[in-house]
Amino acid sequence: MSLMIKNAHAILSGLPGEAARLAGPDIRIRDGKIAAIGSLTPLPEERQIDARDCVIYPAWVNTHHHLFQSLLKGEPQGLNQSLTAWLSATPYRFRAAFDEHTFRLAVRIGLVELLRSGCASVADHNYLYWPDMPFDTSEIVFSEGEALGMRIVLCRGGATQGRAVEKDLPVALRPETFDGYMADVERLVSRYHDPRPESLRRVVMAPTTVLHSAPGGPAAGDGEAGPPAGDPVAQPFIGNRRLSRRRAAEIRHDAGAVLRGARLAGK
């Protein structure tokens, strides 16, 4: 299927200098990719969008978001708090209030806000998970993104060790087990992760914090190790285990692919 966006006031490339503005005023899109830019002649039965008085530019890339928190903005008890105090006052206090409908509404509001600001690629660090959860927050994030035509990188958060701010939560909202967390990561990768450059769905393993997901690990010399010092990818320590060198390398490789995909999305 072919689409022609015509009569744009300007077409911006996102590149510096003289390359910042492309000759237009038309763009042809075929099979989801830009096929031509210039003064174009409409093809037979080609869908057309008149962009008169509009500027076309590459969509923004949001590299860190918490979509479910869209409903928690301006919550009075969290105002002017430090990060730790705010976590206790707002997101952890309201975790039990999220059901499937409320979570979907929060995600939809967050994505629409981003889309209206010009953002089409979103890395959502979602950490709203607990054992035996009655709805699938990951599926909701991906389905809402698909409905809006947005690229979603799901950063699968979560913690496998309790922390002080969670001590008063109901048992059902306590941290996951290590095995449960890892099993769900594997499920999400198998079901949703698409490594192709044009992919609209990626999955990244993103433990909420190392301090609250890794109380310790095996002693040195047991054949297991984390990434090299200074590695920019999140330290692969989860629960009371360490990932193997091979698995850590796989995670770093996948993370690099996500970053490259994000850069491509911004072009």
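User: A charge sits over a ring if NZ of Lys or CZ of Arg is within 6 Å of the ring centre and within 35 degrees of the ring normal. Which residue lies over the face of tyrosine 129?

Analyst: This is a predicted model, in which local features need pLDDT of at least 70 and side-chain atom pairs count only at pLDDT 80 or more, while totals for chains, interfaces and linings use all residues. Residues are numbered from 1 along each chain as its sequence is written, and side-chain values use heavy atoms, with hydrogens and water left out. At 3.5 Å from the ring centre of tyrosine 129, the residue over the face is arginine 156.

User: How many aromatic pairs are there?

Analyst: Rings of Phe, Tyr and Trp (its six-membered ring) pair if their centres lie within 6.5 Å; planes under 30 degrees apart count as stacked, over 60 as edge-to-face and the rest as tilted. By that rule, the number of aromatic pairs is seven.

User: Is the pair of phenylalanine 68 and phenylalanine 98 stacked or edge-to-face?

Analyst: The ring centres of phenylalanine 68 and phenylalanine 98 are 5.4 Å apart. With 85° between the planes, the pair is edge-to-face.

User: How many residues apart in sequence are the parts that phenylalanine 68 and phenylalanine 98 tie together?

Analyst: Helices (H or I, at least four residues) and strands (E, at least two) are DSSP runs, numbered from the N terminus. Phenylalanine 68 lies in the loop between β8 (60-65) and α1 (83-89), and phenylalanine 98 in the loop between α2 (91-94) and α3 (100-116). The pair therefore ties together parts whose separation in sequence is 30 residues.

User: Are phenylalanine 68 and phenylalanine 98 buried or exposed?

Analyst: Buried means under 20% relative accessible area, exposed over 50%, and partly exposed in between (1.4 Å probe, protein chains only). On that scale, both phenylalanine 68 and phenylalanine 98 are buried.

User: What is the class of the pair formed by phenylalanine 103 and phenylalanine 135?

Analyst: The ring centres of phenylalanine 103 and phenylalanine 135 are 6.4 Å apart. The planes are at 50°, so the pair is tilted.

User: Where does phenylalanine 135 lie, given that phenylalanine 103 is in helix α3?

Analyst: The pair of phenylalanine 103 and phenylalanine 135 ties together parts that are 32 residues apart in sequence. Both residues are buried. Phenylalanine 135 is in the loop between β9 (119-126) and α4 (137-148).

User: How many disulfides does a search of the whole structure find?

Analyst: A disulfide here is a pair of cysteine sulfur atoms within 2.5 Å. Cysteine 119 is buried at 4% relative accessibility, and cysteine 155 is buried at 13%. Over the whole structure, the number of disulfides found is zero.

User: Which peptide bond is cis, with omega near 10°?

Analyst: Most residues other than glycine have a negative phi, and most peptide bonds are trans. Proline 25 lies in the loop between β3 (21-22) and β4 (26-30). The cis bond runs from glycine 24 to proline 25.

User: What is the phi of aspartate 31?

Analyst: Aspartate 31 is in the loop between β4 and β5 (33-38). At 64% relative accessibility, aspartate 31 counts as exposed. Although aspartate 31 is not a glycine, its phi is positive, at about 55°.
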